[in-house]
Amino acid sequence: MSRTGGPGGAAGVGAGEDGAPPARPGFGIRRPEGATGDEAEAAALSAAPALPQLPPDELIDPDEERRRSNLDDILGRLDAELVGLEPVKTRIREIAALLLVDRMRRRFGLDAPRPTLHMSFTGSPGTGKTTVAVRMAELLHGLGYLTRGHLVAVTRDDLVGQYVGHTAPKTKEVLKRAMGGVLFIDEAYYLYRVENERDYGQESIEILLQVMENQREDLVVILAGYKDRMDTFFSANPGMSSRIAHHIDFPDYSVTELATIGGLMLGQAGYRLSPGAVEVFEDYLRRRKDQARFANARSVRNALERARLRHAGRVLGAGRPLGRDDLVTLEAEDFLASRVFAGPEP
């Protein structure tokens with residue numbers, strides 16, 4: 001199912017009132033009456049909060065511009081929410097810096113062509129791709145590049161139909177909800193199934209390509225998935241690859257980073273590890289990291305949920321009155337009961 005980070009309200013899509021199909025260039029996603037791509041882009045930028053123009057000899061304060069756009073708050077939340085990922089955070093800061101400079105250039109009446117902002121996020125599950133996409137939507141909204149700044153997260157099932165004539169309406173409906181924000185397509189490579197010549201994913205890709213090119217003034221598309229599969233997807237769909245400006249790879253977390261993430265999760269839930277559990281938890285992470293279906297922060301969350309279940313059974317079965325420490329402290333035994341410790345150490 002699709003997930004959205006904001007309310008609906010974008011312009012409608014689909015056939016016109018006379019039942020005729022919409023004009024192909026926009027695939028039914030409406031832009032201002034009679035506007036070309038460049039005109040629509042200008043209209044979108046002008047729809048952002050008006051910035052007072054400055055004379056050529058005036059000085060501009062970058063810190064004030066950052067405050068106006070809420071940039072530091074958004075980047076600060078990204079740092080607080082995500083452990084590690086320094087290459088990713090550096091790239092996001094670079095993009096933010098470019099857009100902020102463009103914003104200041106417009107204050108002086110200088111040309112600031114709208115850059116292509118469609119992106120590809122590659123990496124294993126649980127590495128923070130969706131979280132970064134949410135913050136990117138907020139950042140682009142704050143800088144005036146998106147009119148709403150919400151996130152709509154979807155998969156193939158939300159875009160591709162199961163019979164002839166079903167795919168286009170589904171894809172257009174998703175695009176309608178995403179207009180003004182970011183459309184995040186997880187496991188985007190499943191849109192293209194080369195082994196099935198009857199697959200309808202290619203129709204969805206064609207619609208996406210047109211909208212990404214002709215209506216990039218108010219929609220940013222982020223494609224996400226495993227790097228090797230995304231590379232194959234882009235090789236098979238060069239039109240999609242050419243529309244992606246930023247390819248950002250999300251590395252797997254180290255054991256130390258995973259342990260830090262676990263500590264943050266526990267703190268938010270009102271739990272802590274006993275001194276003996278700290279070492280056992282790190283041992284658990286080293287073992288689990290080398291096993292199948294490991295999903296970084298998601299696997300950490302799942303491990304802690306199971307440890308809490310064992311903790312609950314343990315304290316309730318203690319047969320004695322419980323103190324506060326009993327209720328908030330996870331012990332080594334709450335992890336050692338995991339099947340991860342059943343086999344030999346890798």
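Two strands are taken as paired where DSSP finds at least two bridges between them. In the predicted model examined here, strand 2 (residues 119-123) and strand 6 run parallel and are joined by five bridges. Within this pairing, Gly123 has Phe250 of strand 6 as its bridge partner. The side chains of strand 6 (residues 246-250) alternate along its length.

Helix packing was examined for helix 2 (residues 62-69) and helix 4 (residues 86-107), whose axes come within 11 Å and cross at roughly 110°. Since angles of 65 to 115 degrees count as roughly perpendicular, the two helices, helix 2 and helix 4, are therefore assigned to that class. Helix 2 contributes Pro62, Glu65, Arg66, Arg68 and Ser69 to the contact, and helix 4 contributes Leu100, Arg103, Met104 and Arg107. By residue class, this contact of helix 2 with helix 4 comprises five charged, three nonpolar and one polar residue.

Five aromatic pairs were found in a search of the whole structure. One of them is formed by Phe281 and Phe335, a tilted pair with 5.2 Å between centres and 45° between planes. Phe281 belongs to helix 12 (residues 275-289) and Phe335 to helix 15 (residues 333-336), so that the pair links distant parts of the chain, 54 residues apart. Phe281 is buried, with a relative accessible area of 1%, and Phe335 is likewise buried, with a relative accessible area of 1%. The rings of Tyr284 and Phe341 also form a tilted pair, their centres lying 6.2 Å apart and their planes at 45°. This pair links Tyr284 in helix 12 to Phe341 in the segment after helix 15, 57 residues apart; both Tyr284 and Phe341 are buried.

Definitions and conventions
Residues numbered from 1 in each chain as written. Predicted model: local features only at pLDDT ≥ 70, side-chain atom pairs only at ≥ 80, totals over all residues. Heavy atoms only, no water. Axes fitted to C-alpha atoms, helices over the stretch in contact; angles between N-to-C directions. Helix = DSSP H or I, 4+ residues; strand = E, 2+ residues; numbered from the N terminus. Parallel < 35°, antiparallel > 145°, perpendicular 65-115°, else oblique. Contact = heavy atoms within 4.5 Å. Nonpolar A, V, L, I, M, F, W, Y, C, P; charged D, E, K, R; others polar. Buried < 20%, exposed > 50% of the residue type's maximum accessible area, 1.4 Å probe, protein only. Phe/Tyr/Trp six-rings, centres within 6.5 Å; stacked < 30°, edge-to-face > 60°.
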